Amino acid sequence: MNSNNPYFGQEDDNVDFKHEIKRYLRYWPWFALAIFIALSGAYLYLRYSPRIYQTVTKIKILDEADGLELPSSAFIFKRSNINLENEIEILNSYRIIEDVVKKLNLNTTFFEEGQIQTSQMAELPFSFKQRIQVDSILTSMQYEIYVDSDKFEITNLKTEKSITFPNHDSYLKSHRLPFDIKVYDTSDLQAIIGKTYIVKFTPLKSTVLSLKNRIKTEAIGDQSHLLKLTIKGESPKWSEMVLDSLVGTFNQDGIDDRREVFLTTTRFIDDRFEYLAFELDSIEDNKQEFKQRNNLVFLPSDAELGIQKRSKSEEEVFRIESQLALADLIEDALKDQDFSDGLLPSNIGIESGGINELISQYNSAILERNKYVVSGGVNNPMVKQLNATIADLKNNINQSLVSYKSQLQASKKQLDARDRKFRGEVSQLPLQEKLLREIDRQQQIKESLYLFLFQKREEAAINYEITEPSIKVVEYALSGSNPISPKPNIVYAAAILGGLLLPFASLYLFFMLDTKVHDKRDVEKAVKNVPIIGQIPEVKDKDGLIFENPNDRSILAESFRILSSNVRYVLPKNNNNVGQVIFCTSTIKGEGKTYVSINLSLALSSLNKKVLLIGADLRNPQIHAYSTKDKNALGLSNYLHDFKLDWKDMLIKGFKNHQTHDVLLSGSIPPNPAHLLTNGRFDSLIEEAKKLYDYIIVDTAPTILVTDTMLISHLADTNVYIVKANFTEKNLLEFSKELVESGKLKNMAYVVNSVGASKSRGYGYNYGYGYGYSDQS
């Protein structure tokens, strides 16, 4: 075998991207159709799908430690840090959202029914009054309202019962519908005649849970106190209404919590006013009675200095006793377990910062526990945990009060000792005057305490009325002018991508599952270092299958001329000036070996070469089909069987335009072809024919089916192996590869027949032929 033959395929495992692209571009109409269908679907989707808008509002959580509150309430609501996670949880709590749903009646929704789609509305274009309470809606209900020219027609979509209301007024007719509707402005009636609206009622709980899932709350940045609330929906007006109401409800909830503390302080002080008023009246009466009984008018001037010293000491005692009295008030409030849900008066004058801080923590814990009791019940783990915290705080407050009072008592003892010293200095004062001073001191204590509590009451009342907000609205609910879904650019891009991928995937699957040989590339990939000497195009015209005219310039004729040239090139060099033998075979029948054998022999004959075509496929002869002879005419089998016959006498001229072309038919079908081919007569025939002809073309049997070809393969100078495009299985090439590697077929070369039968290769066959020629001879 000539290893320098340029027709030998070179081993190349690299992917030919250009070739692969051409394979797919061959099916460009399918890609165009798929893209057209995808774009049409995208257009219809964009035309009829609901428009979804995004609505956003931004709020700032206010830190009450930043100076927005009155100084007198600094200890009550002081917050050094804002926990945005807690605020987000409160905003998204079931309790807050439930208030919004009830306030806006959100479990009643409205829709306008179109020809293709139904879109949500914020409100109906006519008067609507709901007759059923929000909490009374236990099951879903839907009603269809059709606006006729002179009436409303309302249908219960569940029971399919209808009721009509003339003059577009449901108030004029008795009914059991959960709502009333009426058109007040008849000028707007023309715009809604013929339209259909749907009113849908849903249970409160499912509405709240649905809205809770739709609202998204997130912090803006890591260091800011800003929150962004987002909701998506068909109706921007409805979404804006929901977010604004949610922000307002959340703000009011925080205000109500702080007002509860102010209200508790006011109630506490009002209760103490009655007690202090009674004591002041008693002191006034005792003082009057004491002066009248002892005839006291004023202090002597010589005791003025001593009295001044004692006054300073008494002021200290007054202060301490005031603190003791306030501490007693707090103790009394702690003992009263049912007083205002356990809240304590805050910032009423106790000079102990620790006690004030504990009271503030105690009140905060009470408020937080009450919220969890409302939303989760008394058995909520958080409620139990907060109860324990409240008990600890209460115990700490009691202990702090006991410690604080002990300190005050100790201070009071020291002051009493100083006071006794001062009394010794003014011992000249009458005993009656000393008693009077004690009465005055008690009176001043009670009056000061009364005035102090009165001031705190006014501050609490003012704070109750002007309670600062919990939040600041940075940006009210605002919807985008363009819908966020569907987005035309993305939809059309996805449609184009899908239109490309679907046919590509289908073709890729088709190519992957395709097991047929289509052209010489498939043969080159399967069998290395075996030349491919020709590709024969597929011929649609069955009348033009034979190269009958030696001067024919058709594509078929040119392809076989090229094949004849390539065959002569792969034949070994002829030094004996004898004819050369060319076997034409294939793996299975139907691959066109007879067709190639005939046309190859005719192509060689057109070159003025003497050619003999032998039908050696004794089992399934086909050459006779291209001639006028009968299938059972004398031929090779008769010559091999009967030693008296001469093969030369059996030759026929099958093609009148080819005078140098002879045909030896297969003859009668024998029962033992293999025995006949190996009896020596066929070898003699070939040797004799070599002396008479330039080329002997032998149409042999398929190699995988019978052993006939293998038995006589030693006589061939070259073996032309036929592979049919779009017919031969690729795995059959392994069999021909084995024949080459084992040496059973020497000097073998492939011919790919009927190329162009498959369009999957990305190009037509006729590019290589017809250059400078017409299709006619």
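Buried, as the word is used here, means under 20% relative accessible area, with exposed standing for over 50% and partly exposed for what lies in between (1.4 Å probe, protein chains only). The model is a predicted one, so local features need pLDDT of at least 70 and side-chain atom pairs count only at pLDDT 80 or more, whereas totals for chains, interfaces and linings use all residues. Residues are numbered from 1 along each chain as its sequence is written, and side-chain values use heavy atoms, with hydrogens and water left out.

With a salt bridge taken as a side-chain nitrogen of Lys or Arg within 4 Å of a carboxyl oxygen of Asp or Glu, the count comes to 23. One of them joins K593 to D617, with the closest N and O atoms 3.0 Å apart. Because K593 lies in helix α14 (residues 593-605) and D617 in the loop between β15 (611-615) and α15 (636-641), this pair ties together parts that are 24 residues apart in sequence; both K593 and D617 are buried. The helices and strands named here are DSSP runs, numbered from the N terminus (helices H or I, at least four residues; strands E, at least two).

Another salt bridge is formed by E123 and K237, whose closest N and O atoms are 3.1 Å apart. This pair links distant parts of the chain, 114 residues apart, since E123 is in the loop between β3 (118-121) and β4 (127-130) while K237 is in helix α6 (residues 236-294). E123 counts as partly exposed because its relative accessibility is 48%. The side chains of D150 and K151 also meet in a salt bridge, at 4.0 Å from N to O; D150 is partly exposed at 44% relative accessible area, and K151 counts as partly exposed at 23%. A network of salt bridges links R95, D253, D257 and K371. R95 is also among the buried residues of helix α4 (residues 94-104), together with I96, I97, E98, V100 and V101, and just after α4, N105 takes a positive phi of about 55 degrees.

Backbone geometry deserves attention at further places. Most residues other than glycine have a negative phi, and most peptide bonds are trans. H168, a residue other than glycine, has a positive phi near 55 degrees; H168 sits in the loop between β7 (162-166) and β8 (179-182) and counts as buried because its relative accessibility is 5%. N577 likewise is not a glycine and has a positive phi of about 55 degrees, but N577, in the loop between α13 (555-570) and β14 (580-586), is exposed with a relative accessible area of 73%. The peptide bond from S485 to P486 is cis, with omega near -5 degrees, and P486 is found in the loop between β12 (471-479) and α11 (488-513).

Helix α11 also holds L497, which counts as partly exposed at 48% relative accessibility. L497 belongs to a nonpolar surface patch with L501, F504, Y508, L509, M512 and L513, and these residues together have about 710 Å² of accessible area, computed by the Shrake-Rupley method with a 1.4 Å probe, where for residues only the protein chains shown count as cover. Patches are made of residues with over 30% relative accessible area and no salt bridge, like charges being joined within 9 Å and nonpolar side chains (Val, Leu, Ile, Met, Phe, Trp, Tyr) within 5 Å.
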